[in-house]
Amino acid sequence: MRNPFLIGERIYLRPLEEEDLDCCMRWINDPEILTTLGRRFPMSRALEREWITSQYKSEKDLSLAIVIKDGDLHIGNCGLHQIDYVNRNAEFGIMIGGKDNWGHGYAPEAAKLILGYGFDELNLHRISLEVYSQNKRAQRAYEKAGFTHEGTKREAYFRNGRYYDNLIMGILRSEWRKDGTSSLE
Ligand SMILES: CC(C)(COP(=O)(O)OP(=O)(O)OC[C@H]1O[C@@H](n2cnc3c(N)ncnc32)[C@H](O)[C@@H]1OP(=O)(O)O)[C@@H](O)C(=O)NCCC(=O)NCCS
């Protein structure tokens with residue numbers, strides 16, 4: 001493991017580095033991934049570099065690379081964003097870039113590590129996200145991590161010439177505790 005920050009069973013999370021730029025750009029410019037992240041413009045190398053740098057300068061963002069321990073393979077990124085230290089909440093985001101790595105439960109494992117860090121170390125009260133209604137794969141992955149569906153933003157997302165709903169999903173610290181899971185155990 002290189003520079004691990006949070007360590008799980010099969011994966012670990014580490015800081016993003018300059019050398020991750022090429023992978024990140026390839027993943028994010030895949031149209032299927034780009035739109036699910038709510039981004040509409042392609043990402044240039046310069047912008048991606050700026051984004052990685054901005055993440056480490058910001059106290060409102062914690063962005064990490066997801067790496068499979070076996071083979072030290074970087075498969076995606078995840079993080080907490082818009083961290084609000086007054087209301088103690090944050091937004092969760094994730095992307096598994098290599099599609100061969102979809103469906104192996106890596107996203108829920110990464111999400112649980114970040115949730116544990118958010119609740120146990122950053123003392124957050126609530127972590128939430130928004131997901132496009134057709135992105136069933138993501139919804140299922142989030143449910144497995146402990147998020148529940150809290151509400152629906154009707155026709156908030158435009159794609160392929162029509163509007164779709166966005167779902168709001170969230171998890172409270174009390175629900176995380178009830179689940180009995182912690183990245184720090
Ligand atoms: C969404 C994403 C993070 C999920 O990661 P993952 O590691 O593949 O997640 P999982 O391994 O838990 O697999 C997803 C689950 O959804 C299920 N699933 C897949 N397609 C589905 C569908 N069309 N309907 C319902 N469930 C579906 C899978 O069967 C699996 O559930 P199971 O373990 O109970 O069988 C990953 O696919 C990704 O990065 N996609 C592109 C970016 C993105 O969508 N990010 C989220 C933006 S909100």
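This is a predicted model: local features need pLDDT of at least 70, side-chain atom pairs count only at pLDDT 80 or more; totals for chains, interfaces and linings use all residues.
Which residue in S8 does Arg-159 stand opposite? Arg-159 stands opposite Arg-162 in S8. An open sheet of 8 strands is present, with mixed pairing, and 22 residues surround the ligand.

**The sheet**

- The strands of the open sheet follow the order S1-S2-S3-S4-S5-S6-S8-S7.
- Strand S1 (6–7) and strand S7 (148–159) are the edge strands, since each pairs on one side only.
- Strands of a sheet pair through backbone hydrogen bonds, in either a parallel or an antiparallel sense.
- The parallel sense is found between strand S5 (residues 89–96) and strand S6 (residues 126–132), which pair over 3 bridges.
- Within this pairing, Glu-91 stands opposite Ser-128 in S6.
- The antiparallel sense is found between S7 and strand S8 (residues 162–172), which are joined by 8 bridges.
- S7 and S8 form a hairpin, with 2 residues between them.

- Which residues of helix H5 (residues 136–145) are buried? They are Ala-138, Gln-139, Ala-141, Tyr-142 and Ala-145.
- Seen down the axis of H5, these buried residues fall within an arc of 165°, so they line one face of the helix.
- Lys-136 and Arg-137, on the other side of H5, are exposed.
- After H5 comes Gly-146, whose phi is positive, near 115°.

- Gln-139 has its place in helix H5.
- Because its relative accessible area is 10%, and buried means under 20%, Gln-139 counts as buried.
- Beyond its neighbours within four places in sequence, Gln-139 is in contact with Val-131, Tyr-132, Ser-133, Gln-134, Leu-167 and Met-169.
- Two backbone oxygens are reached by the side chain of Gln-139: that of Tyr-132 at 3.2 Å and that of Ser-133 at 2.9 Å.
- The C-alpha atoms of Gln-139 and Ile-68 are separated by 22 Å, and the two residues are 71 residues apart along the chain.

- Val-131 has its place in strand S6.
- Is Val-131 buried or exposed? Val-131 is buried, with a relative accessible area of 4%.
- With neighbours within four places in sequence left aside, the contacts of Val-131 include Ala-138, Gln-139 and Tyr-142. Asp-165, Asn-166, Leu-167 and Met-169 are also in contact with Val-131.
- Val-131 and Met-169 are 38 residues apart in sequence, while their C-alpha atoms are 7.7 Å apart in space.

**Around the ligand**

- Which of the 22 residues that surround the ligand are the closest? They are Ile-96, Gly-103, Gly-105, Arg-140 and Lys-144.
- An oxygen atom of the ligand is 2.5 Å from an N or O atom in the side chain of Lys-144.
- For the side chain of Asn-135, the distance from an N or O atom to an oxygen atom of the ligand is 2.8 Å.
- His-104 takes part through its backbone: a polar backbone atom of this residue is 3.1 Å from an oxygen atom of the ligand.

**Residues with positive phi**

- Most residues other than glycine have a negative phi.
- Asn-3 is not a glycine, yet its phi is positive, at about 55°.
- Asn-3 is found in the segment before S1 and is partly exposed, with a relative accessible area of 48%.
- Asp-72 likewise is not a glycine and has a positive phi, of about 50°.
- Asp-72 lies in the loop between S3 and S4 and is partly exposed, with a relative accessible area of 28%.
- Asn-160, in the turn of the hairpin formed by S7 and S8, has a positive phi of about 50°.

Technical notes
Residues are numbered from 1 along each chain as its sequence is written. Side-chain values use heavy atoms; hydrogens and water are left out. Buried means under 20% relative accessible area, exposed over 50%, partly exposed in between (1.4 Å probe, protein chains only). Helices (H or I, at least four residues) and strands (E, at least two) are DSSP runs, numbered from the N terminus. The arc is that of the directions from the helix axis to the C-beta atoms. Two strands pair if DSSP finds at least two bridges between them. A residue is near a molecule or strand if one of its heavy atoms lies within 4 Å of it. A polar contact is a pair of N or O atoms within 3.5 Å; within protein, one must be able to donate a hydrogen and the other to accept it, and residues adjacent in sequence count only if both atoms are side-chain atoms. Contact means heavy atoms within 4.5 Å.
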